[in-house]
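Let's take a walk through a protein model together. Have a look at the picture first, and then we will go through it step by step.

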Amino acid sequence: MEIGTILVVAMLVFGPDRLPGLARQAAQFIRTVRQMADNAKAELGRELGDEFKDIDLRDLDPRAAVRDVMWSDPTPPPVPSVRILRPGEVPPFDPEAT
């Protein structure tokens, strides 16, 4: 629906005779941007060396980390066993902890 609306508006604004040329320019621009991104990724891989050749840059995205934490289903941590003190019983004391 949105793409159809964009095409109709583009045809009205630029006219049907200029639209194919603009589409070719847009495709060339997208191709150039992809090539630049691939070159930057390859350059980064060469600079980082062999230790980081298997790294996925999507893993470094902070949005993905937050999404993983928000949507993961972690098991709750185990509850430590607690012994209730009897009336008059002194709680354990660790002199090295204070």
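Start with a pair of side chains: R83 and E89 meet in a salt bridge, with N and O 2.8 Å apart. Side chains of opposite charge can pair when their charged atoms come close. R83 is exposed, with a relative accessible area of 56%, while E89, at 27%, is partly exposed.

Keep in mind that this is a predicted model. The protein chain has an average pLDDT of 84, and 98% of the residues score at least 70. Confidence is highest in helix α2 (residues 19–48), with a mean of 90, and lowest in helix α3 (residues 62–71), with a mean of 82.

Now step back to the whole chain. Its secondary structure consists of three helices and zero strands. The radius of gyration is 30 Å, well over the 13 Å that the globule rule gives for 98 residues, so the protein chain is more spread out than a compact globule. Along its principal axes, the C-alpha trace spans about 95 × 40 × 25 Å. How many of the 98 residues count as buried? The share is 4%.

The structure holds three salt bridges, so let's visit the others. In helix α2, E43 and R46 lie three residues apart, about one turn of the helix, and their side chains meet in a salt bridge at 2.6 Å, N to O. E43 is partly exposed at 35% relative accessibility, and R46 is exposed at 57%.

R63 also forms a salt bridge, with D61, and their closest N and O atoms are 3.4 Å apart. Here R63 is exposed at 62% relative accessibility, whereas D61 is partly exposed at 23%.

Key. Residues numbered from 1 in each chain as written. Predicted model: local features only at pLDDT ≥ 70, side-chain atom pairs only at ≥ 80, totals over all residues. Heavy atoms only, no water. pLDDT = per-residue confidence, 0-100. Helix = DSSP H or I, 4+ residues; strand = E, 2+ residues; numbered from the N terminus. Rg over C-alpha atoms; globule rule 2.2 N^0.38 Å. Buried < 20%, exposed > 50% of the residue type's maximum accessible area, 1.4 Å probe, protein only. Salt bridge = Lys/Arg side-chain N within 4 Å of Asp/Glu carboxyl O.
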